[in-house]
Amino acid sequence: MAMRKAIEIVDTYGNLSSWGSSKGKDNCCQWRFVGCDLNTGHVTHLHLSSLNYLDEYDGYDESLASNISSSLLLLRNLRYLDLSHNQLSSIPSFFGSLANLVHLDLSGSYIQGAIPDELGNLSKLTYLDLSHNVFDQGPIPKFIASLTSLTYLDLSANQFSGPIPRQLGNLSKLHHLDLSSNYHLETASIDWLFHLSSLKYLDLSYIFIRIVNFSHWVSLIYKLPSLSVLHLNHCNLRIGAQSSSFANSSAPISVLHLNGNQLDSSIFDWISNLNASIVDLDLGDNKLQDLSYNQLEGMVPNSFHNLSSLQTADFTHNNLTGNLQDLLYLLPEATLQTLLISENQLTGTLSDITAFSFLEKLIVDSNQLNGYLPKEFKHKSILRALSLSNNHLQGSLPNFTGFSFLEDLYLNDNKFSGSLPDINGCSALKSLDLSGNQLSGWETQSIGRLTNLYNLDLSRNSIKSTLNEHHLSKLNNLQLMNASFNSLTFNISSEWLPPFNLAQLSLASCRLGPKFPIWIRNQTEISTLDFSNTQISDTIPMWFWDNFTKIWTLDLSSNKISGTLSSIPLHIDAINLSSNYFEGPLPLISPLCSEINLSHNNFSGKLVLSKAEVFSLSLRFLDLSHNLLFGEIPDSWKYFKDLIFLNLGNNNFSGRIPMSIGYLDSLNKLILRNNRLDGELPESLRNCTNLGFVDFGLNGLSGTVPAWIGQDLPQLYGLVLKSNKFYGSLPDDLCHLSDLHFLDLSMNRLSGNVPQCFSSLIAMTNHRTKTTDHHKASLYRRKCSEITYCTSNIDDGVSFLDEALAGWKGKEREYRGNFPYLKMIDLSSNKFTGGFPAGITRLVDLKGLNLSRNQFDGKVPVQIGRLLQLEVLDLSGNKFSGDIPRNMSDLTFLAYLDLSTNNLSGRIPLEVQLQTFNSSMYEGNPGLCGLPLTKRCPGDKTSVKVPPPSTGNEVDEDEILYERWLYISAALGFSTSFWGICVTLLVNRRWRHAYFLFLTNLKDQFYVFMVVRIARLKVTQQEERPCFSLEFICRV
């Protein structure tokens, strides 16, 4: 029992039940995990690894305790000690007194602190594994270099830092050296490796290697004749030598991983000299280019034909070009097992891959593949994983009958059409993803027979079919199902009990209603449910909340679901019930919920957020807009530290904006528009330094526009303060907002001159300025499969876009998805004075400008012609004078122009661009003359044709322009074709004779056809007439 006392063990699962002192248990050599010398009976081995290991998902339960007693020293003959994958807090210094220890494994044991120097006394140690711990950040202990008997050393995945000690070169007996994933380690020299002549395995991945020239590593490999496995992933390497310097290598390298460096295609010159020994090759995430046979003039084919033993090849995330078939031709059909070549630029299509008789995994997603797949494959295949997703493949899907071992099939995000494929032979299939194509039919029943199917994703197609329980009745293992965004109708009996128990179900935009589907009631394991836009017109049934106690993400939006909602269950993380008919008071908010969207309903009453309810709230997304909420906005926002998005717009909230919103330092979007808020903007908002979009429009807010908006909100790209009571001049500090591309200050009482520094709003000066990253915030988490890429399973979360109301072409419009491209300034209906704001004329990527109904005066500057991207320009209701600049005709994108009610004079320029607008857009300028106005200019001799008066029902300017050009283009096309044919026949006598000969033959053929047809009809009538006569005579 001294040994059990030496190691304090929490034996949760009874793995050490054989240890004891009672009768029958007193012989320690018969204990489990203990080994003894057969001659002496001394304990020599302790195998105590992962005593309470559960599984790869649940990890560990309570394992070895942190206290290891010095009583372990009683085991003087101990040679093998394995305490890996337990919970040790430190390495006891007395381990250094276990003089006979040969094998020590403490990996994955959460060890902290320093490695005791006493381990340097273990002179007989041949195996040392301290990997995957959390030692104090510092250098690798130099005493390790004194353990000259070591053949195996693994210090990977720790926190060592600084240079690798050169003294490690003294370990001349090393066969295995792994220092990888110590992200703060570095080395400036590799000379110490030259002394490790017995080395077979070397892994320095994720270490900063200052010697970036790969030719130095080539010289090292030549001096390590036994090296067979080399891992140098993410080591900052690049090719630094020409192909002529790569000599033949005698090293029997079978595994070569150089992922995540800066190597280029010249690496193939060296690979070609590896004597066909390489089995596993990983060159992913480099700068490889031009695998095309022609582009490299045969060098690559020769290189790869030499690799006759190649089993695994990884070229992921490079810039490989050329035809996929050319690359496959180079690879050994007899040995290749895994080919990973996703995220490149390969073209062509995939031919019959069954020629690779041992191929098990083929990943070619995210390339430029096009064309058609073969209709069928010649041979049977042992392929287990195939991904061709995110390419441009088209046509019908092939028959996969011979793929009886196939487990993962990903063909999503292509252009496949037709019906779902026949996959009767794919009995082993576990994951099938055909989403994002153009499939239209579900005629086959083979999918419903896949008893091993775990994940089925058919979303984002055009499948039009009616499904019943027979389509799903044999999917016993189905856990993930996504059929969203199709034209599927689910006609399933309410009595049917599915054989599966789903974890995720998404049927968005399918037809499930009008009643809430009852057949899902036994899906008690479901964590993600998306029934958005499914035509449900019902209430949520009583059993819903009782049965779905594990639901994590719920989306029932865009239906006609009614009723009240008393509370949001504690287990829900994200809920979207927007665009329904819910009513009554708001439900109590779960303290665990992070995303809530209850917008576009009929919820009423006050918003109550008591301290007790929200103390631990981790809310990130809250949208209560478009309801009937009233009262003051509560002042309890300091408990919402994680909030990113807050929309309380389009309600009846009153009072002031609460000061506590200033505690939301993570807030990115704040929308309070169309309420009855008053008072000044709280200065605490300056603490929300991550704000990007603010909309306080359509309220009764007052005061001046604060200077701190430009000083303390540097990420602001959208600011809406329209229809409030702000007054005073604009602060120059607004010009510091370099990301601002949407500014709406219309319908206030602002006055003074517009700051000249508006030219500093650089987001509106360059069309290459990237604004889209600010606008879409995604809060969902995606899960990845085992075969190195993310699946398109149901997104278990919420994504949101900015929305803004903007005066555009004289109408109020809502912008959502296209808001990132809306670059606009609206200062209309204020009291601004002075000349045309000169700074605005430098915003050359501006799309919309509205300065109407102010008191601007002076001339419209000729520099306005710089705004070539302008689509909307409204200067009406001001005091502008002088001529209309002629270069305004250069604004070819201009679709709406209003210059009415000013003091402009002179002739309206006759250029086409300015003549297309209605005359009402120029009215109210007594000095203007010329078309399209009725007033003639001095010197005009002919009468002016008066345009018809406005009826108030004019078609949109874009539609008029489109229709006009449609007619013009049709007329031009007909004229060009007609005269082109006529002129050709007139000029070319040979063509003219051939053409008229063709017409003559055509006429003759038609004549003969009609004559023969008429003759046949006459014969038929004559043959039928006697029959009727005979029949009549016989009856008589």
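Select S889 and show its surroundings: leaving aside residues up to four places away in sequence, S889 touches E911, Q913 and L914. Keep in mind as you look around that this is a predicted model.

**Stop 1: around S889**

Where along the chain are you? S889 has its place in the loop between β64 (879-882) and β65 (896-898). Is S889 buried or exposed? Its relative accessible area is 16%, so S889 counts as buried, because buried means under 20%. A polar atom of the S889 side chain lies 2.8 Å from the backbone oxygen of R886.

**Stop 2: an aromatic pair**

Stay with strand β64 for a moment and pick F880, then F836. How many aromatic pairs does the structure hold? The count comes to 24. F836 and F880 form one that is tilted, with 6.1 Å from centre to centre and 50° between the planes. This pair links distant parts of the chain: F880 sits in strand β64, while F836 is in the loop between β60 (831-834) and β61 (848-850), 44 residues apart.

**Stop 3: an aromatic cluster**

Next, select F516, F531, W543, F544, W545 and F548 together. These residues form one aromatic cluster.

**Stop 4: salt bridges**

How many salt bridges does a search of the whole structure find? It finds nine. Let us visit some of them.

Begin with E525 and K550, whose side chains meet in a salt bridge at 2.8 Å, N to O. E525 lies in the loop between β35 (504-506) and β36 (528-530), and K550 in the loop between α6 (542-547) and β37 (553-555), so this pair ties together parts that are 25 residues apart in sequence. Both ends are partly exposed: E525 has a relative accessible area of 36%, and K550 has one of 45%.

Move on to R673 and D695. Their side chains also meet in a salt bridge, here at 2.5 Å, N to O. Which parts of the chain does this pair tie together? R673 is in the loop between β47 (669-671) and β48 (676-679), and D695 is in strand β49 (residues 693-695), so the parts joined are 22 residues apart in sequence. Here R673 is buried, and D695 is buried as well.

**Stop 5: a nonpolar patch**

For the last stop, show the surface and select F974, F978, W979, V983, L986 and V987. What do they make? Together they make a nonpolar surface patch of about 720 Å². Click on V983 for a closer look. V983 has its place in helix α10 (residues 957-987). With a relative accessible area of 44%, V983 is partly exposed, so it can be counted in a patch, because patches are made of residues with over 30% relative accessible area and no salt bridge.

Technical notes. Residues numbered from 1 in each chain as written. Predicted model: local features only at pLDDT ≥ 70, side-chain atom pairs only at ≥ 80, totals over all residues. Heavy atoms only, no water. Helix = DSSP H or I, 4+ residues; strand = E, 2+ residues; numbered from the N terminus. Buried < 20%, exposed > 50% of the residue type's maximum accessible area, 1.4 Å probe, protein only. Polar contact = N/O pair within 3.5 Å; in protein donor to acceptor, adjacent residues only side chain to side chain. Contact = heavy atoms within 4.5 Å. Salt bridge = Lys/Arg side-chain N within 4 Å of Asp/Glu carboxyl O. Phe/Tyr/Trp six-rings, centres within 6.5 Å; stacked < 30°, edge-to-face > 60°. Patch = residues over 30% accessible without salt bridge, like charges linked within 9 Å, V, L, I, M, F, W, Y side chains within 5 Å. Areas by Shrake-Rupley, 256 points an atom, 1.4 Å probe, with all protein chains shown as cover.
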